[in-house]
Amino acid sequence: RFYMEQAVDIAQVEEDLGRLQGEGKTVMLLGDDKSILGVIALADVLRDNSRESVKSLKESGIRRVVMLTGDNENTARTIASQAGMDDFRAELLPEDKVAVVKELLAEYGKVAMVGDGINDAPAMALSTVGIAMGTAGTDTALETADIALMADDLSKLSFAVRLSRKTIGIIKQNIVLALLIKGIIFLMVIPGWLTLWLAVIADTGSSLLVTLNGMRLLREKSETRPAAVTG
């Protein structure tokens, strides 16, 4: 795009551009103000568990998974296909990512944005929930995010979704349980059945019950195994 804006002819490398981008590679052009001198192609290696992570997100109830990238469309299409994405948007600047998130919010109501760079931060701030990949994320992304995954592992996303839903469920259970016990204590006051000891036991017992109920979250485990460390 830069060379085209500078009116430099790229016809001599257009065939190579199309071929390399079709292979899922990011292509950079090297040249001066008159002509193209060389082509450099780089390729991101798709993580081994990327496709499984996307599949797991869908199984956890996520309706649509969309990849937002600043890379070219051909490369984005290849990576999105390999990862099992529902959709992708390519050649996006930070403000373009914000526009896409606005569009998705209008369509779905709630959107979680996962990112690790400065370019992702504005979109993460606008989303319902911003999630930063901790070990790979920049300081800006980490400060903007609502959730930071300290393990740079995409499979943790579905675990975070399950844990969050389980947490909300237990909070609701604890509220109902506490109100029920308090209601019973109040009803015992009317006929005069409530003694000091019963009041103390009921109050302490309700605290213990909600604590023990909350501890059930410790049983939630990630489905992934720790990765082997190689030298």
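**Reading contacts, sheets and salt bridges**

Tutor: Serine 60 touches Val161 and Arg165, residues up to four places away in sequence not being counted. Please bear in mind that this is a predicted model.

Student: Where does serine 60 lie, and is serine 60 buried or exposed?

Tutor: Serine 60 lies in the loop between helix 3 (50–59) and strand 3 (66–68). A residue counts as buried when its relative accessible area is under 20%. Serine 60 has 13%, and is therefore buried.

Student: In which sense do strand 1 and strand 2 pair?

Tutor: Strand 1 (residues 26–31) and strand 2 (residues 36–42) pair in the antiparallel sense over 6 bridges. A hairpin of 4 residues joins strand 1 to strand 2, and glycine 31 stands opposite isoleucine 36 in strand 2.

Student: How many salt bridges does the structure hold, and which residues are linked in a network of salt bridges?

Tutor: Side chains of opposite charge can pair when their charged atoms come close. The structure holds 8 salt bridges. Arg64, Asp87, Arg89, Glu103 and Glu107 are linked in a network. Arginine 64 meets aspartate 87 at 2.8 Å, N to O. That pair links distant parts of the chain, 23 residues apart, with aspartate 87 in strand 4 (residues 87–89). Arginine 64 also forms a salt bridge with glutamate 107, the closest N and O atoms being 3.8 Å apart. Glutamate 107 lies in helix 5 (residues 94–108), 43 residues apart from arginine 64. The side chains of glutamate 103 and arginine 89 meet at 3.1 Å, N to O.

Student: Are glutamate 103 and arginine 89 buried or partly exposed?

Tutor: Glutamate 103 is partly exposed, at 38% relative accessibility, whereas arginine 89 is buried, at 18%.

Student: Which residues form a nonpolar patch on the surface?

Tutor: The patch consists of Ile168, Ile171, Ile175 and Leu179, with about 380 Å² of accessible area together. Leucine 179 lies in helix 8 (residues 156–189) and is exposed, with a relative accessible area of 58%.

Notes. Residues numbered from 1 in each chain as written. Predicted model: local features only at pLDDT ≥ 70, side-chain atom pairs only at ≥ 80, totals over all residues. Heavy atoms only, no water. Helix = DSSP H or I, 4+ residues; strand = E, 2+ residues; numbered from the N terminus. Buried < 20%, exposed > 50% of the residue type's maximum accessible area, 1.4 Å probe, protein only. Contact = heavy atoms within 4.5 Å. Patch = residues over 30% accessible without salt bridge, like charges linked within 9 Å, V, L, I, M, F, W, Y side chains within 5 Å. Areas by Shrake-Rupley, 256 points an atom, 1.4 Å probe, with all protein chains shown as cover. Salt bridge = Lys/Arg side-chain N within 4 Å of Asp/Glu carboxyl O. Pairing = 2+ DSSP bridges.
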